[in-house]
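Subject: Structure handover

Hello,

Here is the structure I said I would pass on. My notes on what was found in it follow below.

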Amino acid sequence: MTPPDAPHNRWSDLDRPPLNGTALRRGLLRPDALWTSLEVVDSTGSTNTDLAGQARDGAVGEGTVLVAEEQTAGRGRLERTWTAPPRSGLFFSVYLEPGDIPVERWGWVPLLAGVAAATGLAKSAGVDMSLKWPNDLLVAVEGAERKTGGILGEFAGNGIVVGLGINVSLRADELPAPTAGSLALAGAVSTDRETLLRAVLRSLEDWYGRWKAADGDAAASGLQAAYAAGCATLDRTVRAELPGGTSLVGEAVAIDGDGRLVLSTEDGLQQPVSAGDIVHLRGAAGGLT
């Protein structure tokens with residue numbers, strides 16, 4: 001028998017039991033549900049890379065979910081890496097096909113995933129969640145904003161792959177950066193990953209259904225208002241580090257109909273930002289993030 005503390009034993013950390021794929025499928029895959037298949041793998045480089053490749057090959061359909069207990073080459077926005085100990089978080093990707101919805105509205109899907117994740121985690125973990133534009137999930141750890149999750153969307157095949165990485169049980173000495181956090185460090189009432197994953201996927205199904213029913217109109221579906229209500233970036237002075245090496249400083253005043261962050265600059269102009277890295281400079285929560 002393999003010793004319980006063997007390096008590759010799935011139960012080597014009893015605080016981090018493996019996910020039960022059978023139970024997850026039983027709870028999430030229904031004839032009338034968005035989710036059509038769900039696979040849990042022990043380890044992979046990146047669930048987004050794997051699922052995007054399958055989508056390009058036409059091997060998956062809408063509602064496919066791929067979950068990994070460990071990612072060895074997880075990707076975040078701007079080609080950043082995402083690493084965490086095995087079974088310490090939720091690392092998964094979903095494949096969606098918005099179909100007849102105008103492609104120019106598909107950019108809302110990653111923001112929709114942020115709203116859904118924040119809503120689902122707030123209910124299931126009992127932790128106040130907020131969003132940093134465009135797709136970071138924030139929690140408060142000892143009064144300071146900390147990133148506990150990120151979202152990455154990419155077009156593939158006839159749809160879009162959306163990947164989520166969420167730190168669940170990371171301890172302080174395991175955090176990859178001083179600005180990182182976890183649900184456990186934020187005082188979560190539950191760190192049961194199956195409960196949290198079900199809550200996030202059900203919330204995502206709900207929001208995606210609303211958005212599709214409104215033909216991808218973020219305002220009509222309530223998505224634009226929900227994102228703005230949960231966005232910690234609004235009403236703060238921020239620096240937008242833009243593609244090409246330029247930057248822009250201003251007060252974040254709105255999320256527009258295309259999901260862009262609108263900055264009011266010192267010269268009185270309102271400048272929409274569609275892509276870039278946002279640094280929170282000043283605001284109600286204080287500090288730099």
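Two strands are taken as paired if DSSP finds at least two bridges between them. In this predicted model, Leu 137 stands opposite Gly 149 of strand 8. Strand 7, residues 136-141, and strand 8, residues 144-156, are joined by 6 bridges and run antiparallel.

Overall content first. The protein has 5 helices and 14 strands. Of its 289 residues, 50% count as buried. Among contacts between residues at least 6 apart in sequence, 64% join residues at least 24 apart.

Strand 5 contains Gly 89. Is Gly 89 buried or exposed? Its relative accessibility is 0%, so Gly 89 counts as buried. Leaving out residues up to four places away in sequence, Gly 89 touches Ile 166, Val 168 and Arg 193. Gly 89 and Glu 69 are 20 residues apart in sequence, and their C-alpha atoms are 7.9 Å apart in space.

In soluble globular proteins, nonpolar side chains tend to be buried together. The largest nonpolar core here has 61 residues, and within it Phe 92 and Leu 183 touch the most other members. Helix 3 supplies the largest share of this core, 11 residues. Apart from this core lies another one, of 7 residues, including Leu 51, Ala 55, Val 60 and Val 161.

What does Phe 92 contact, leaving aside its neighbours within four places in sequence? Among its contacts are Val 65, Leu 66 and Val 67, together with Val 162, Gly 163, Leu 164 and Ile 166. Leu 197, Val 200 and Leu 201 are also in contact with Phe 92, as is Thr 47.

Aromatic rings

The count comes to 2 aromatic pairs. One of them is Trp 106 with Phe 155, a tilted pair with 5.9 Å centre to centre and 40° between the planes. Trp 106 lies in the loop between strand 5 and helix 3 (108-125), whereas Phe 155 lies in strand 8, so the pair ties together parts that are 49 residues apart in sequence. The accessibility of the two residues is as follows. Trp 106 counts as buried because its relative accessibility is 7%, under the 20% cut-off. Phe 155 counts as exposed because its relative accessibility is 53%, over the 50% cut-off.

A charged side chain is also placed over a ring: Arg 210 lies over the face of Trp 207, at 4.0 Å from the ring centre.

The hairpin

Strand 12 (residues 261-264) and strand 13 (residues 270-273) run antiparallel and are joined by 4 bridges. Ser 264 has Gln 270 in strand 13 as its bridge partner. The two strands form a hairpin with 5 residues between them, and Gly 268 in the turn has a positive phi of about 90°.

Regards

Methods. Residues numbered from 1 in each chain as written. Predicted model: local features only at pLDDT ≥ 70, side-chain atom pairs only at ≥ 80, totals over all residues. Heavy atoms only, no water. Phe/Tyr/Trp six-rings, centres within 6.5 Å; stacked < 30°, edge-to-face > 60°. Buried < 20%, exposed > 50% of the residue type's maximum accessible area, 1.4 Å probe, protein only. Lys NZ or Arg CZ within 6 Å of the ring centre and 35° of its normal. Core = buried A, V, L, I, M, F, W, Y, C linked by side-chain atoms within 4.5 Å. Contact = heavy atoms within 4.5 Å.
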